[in-house]
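Opening the notebook on this one.

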2 protein chains.
Amino acid sequence: MTYCVGMQIDKGLVLMSDTRTNSGVDNVSVFKKMHSWTVPGERIITVLTAGNLATTQAVIGLLEERNKAPGERLNTLFKAPTMFEVATQVGMLLRDTIAKTNAINQTTDGPTATTKFTASIIVAGQIKGMQPRLFLVYPEGNFIEASLETPFFQIGETKYGRPIILRGYERDMSFEDAVKLLMVSFDSTIRANLSVGPPLDLMVIEKDNFEALHSRRITPQDPYYLAVSAGWSEALKNAFHALPDYSLYSK
Amino acid sequence: MTYCVGMQIDKGLVLMSDTRTNSGVDNVSVFKKMHSWTVPGERIITVLTAGNLATTQAVIGLLEERNKAPGERLNTLFKAPTMFEVATQVGMLLRDTIAKTNAINQTTDGPTATTKFTASIIVAGQIKGMQPRLFLVYPEGNFIEASLETPFFQIGETKYGRPIILRGYERDMSFEDAVKLLMVSFDSTIRANLSVGPPLDLMVIEKDNFEALHSRRITPQDPYYLAVSAGWSEALKNAFHALPDYSLYSK
């Protein structure tokens, strides 16, 4: 499984992903699910991927045209005039990749997988002169954009970490608070589900600053991760004690 | 869907269930999923049900022998010498009910459903002279018992409300705190998933007190529910602010 979140706030975008992939519980690996491309001062585009790893790696490779010889490569993402066009291209590549793999898989000559080679992708970024934007791209290739009412997208193992985001999110929050929120959401998920695991990748995209801020890998030994994880237990306990006792409300 | 939790603490058992059942999003009803039987001073047995409603209602009916004429009824649960035997009986009835419905469903004469008539049941209670016990009964009829390491069971839509229980649970907590914990777990689930909804049913089984304590239905207008729901937003916000800022940990 996987857990990735893209969150839009007034100040920009905050992105986090885990790195655990597994094929059964006895085949667990670490793979990066956050990929980012920057043209300094002009654009920054980051994608978060969930789903079949061969599929998502193929899409990333195609976006960078890694199926061409080094000299002929021209990253597709650098040409798109808008983030909408970026999402459209990612969607088409995702759809085509899935369709191709499934078609090959259905020929009777080779081994056939029982898995469906599906995947979802969060696309986040900003191109100069336009607003930061956040999209969720479906395996079918179509996509939706974050809005005031739904300002964040989760992919992968989304349920454990959802309530805290629903509760904690505020449009005008600081990057500091947004990162705390995501750290707690990820910590909650990691504690509940073995298929999501550290290290985590964090990235902050500040509006009109076309570079990745606070881009870092958070290991289980990361002092910040440990401080949040330990601090959250304590903070939650205090939060509980602040709630009223039910006996006060009994008849 | 459904959400039910049975939790064992040193002082006894705390049980909570929602009441929403749905067959599609356009067919939503309210049904009680918590059923309890008491022999004052001797035993209290409570079951929480999740899954196909016709199946769980049939099991409850059979436990009370509602397929017999009123004069011949003798509640099966009143005869079992131990809670283990109670769980065994519930398991056999659940398994038989599912098997029977599926067998009928596979005959070619009538309409056939695409649904599987599956269900899970949490069995909680105490019989005089023995400890309070908590079981999770599977559709196959077998069951597991709560332990020091896994002191609570959830059935239905379990993921949203799980992290807070994992974090907040303490074996020696008071009933007050245990109820707070479940209220927050249910509130988190209800906010995230339409298929779980109020009113909620609450019951506390105090050790060696063979009657249902604080047994009540919590409506969305319940002052305690409103106080917890509102208080939790505030408490979480304070909890966030108590966490360290990531910039303090950046290189």
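**Pockets and interface**

I began with the second largest pocket: β3 (20-22), β6 (43-51) and α1 (53-63) of chain A each supply at least two residues of its lining. This is a predicted model, so I kept in mind that local features need pLDDT of at least 70, that side-chain atom pairs count only at pLDDT 80 or more, and that totals for chains, interfaces and linings use all residues. Residues are numbered from 1 along each chain as its sequence is written, chains are lettered from A and ligands numbered from 1 in the order in which they are written, and side-chain values use heavy atoms, with hydrogens and water left out.

My note on terms: helices (H or I, at least four residues) and strands (E, at least two) are DSSP runs numbered from the N terminus. A pocket is an open set of points on a 1 Å grid over the protein atoms alone, where a 1.4 Å probe fits, with protein on both sides within 12 Å along at least five of seven lines; lining residues have an atom within 4 Å of a point.

I sorted the lining into 3 nonpolar, 11 polar (Gly counts here) and 2 charged residues.

Next I checked the largest pocket, at about 450 Å³. Its lining takes two or more residues from each of β3 (20-22), β6 (43-51) and α1 (53-63) of chain B. Of 22 lining residues, B:T21, B:N22, B:G51, B:N52 and B:L53 are nearest the centre. By class I have 6 nonpolar, 13 polar and 3 charged.

Then the interface. I find 45 residues of chain A in contact (heavy atoms within 4.5 Å) with 45 of chain B. The two chains bury about 4500 Å² between them (accessible area lost on being put together, 1.4 Å probe, summed over both), 64% of it on carbon and sulfur atoms. A:R167, A:F240 and A:Y246 supply 22% of the area chain A buries against chain B, more than any other three residues.

One joins A:E170 and B:K237, at 3.2 Å, N to O.

Definitions and conventions
Salt bridge = Lys/Arg side-chain N within 4 Å of Asp/Glu carboxyl O. Points joined across faces, edges and corners; volume = space filled by probe spheres on them.
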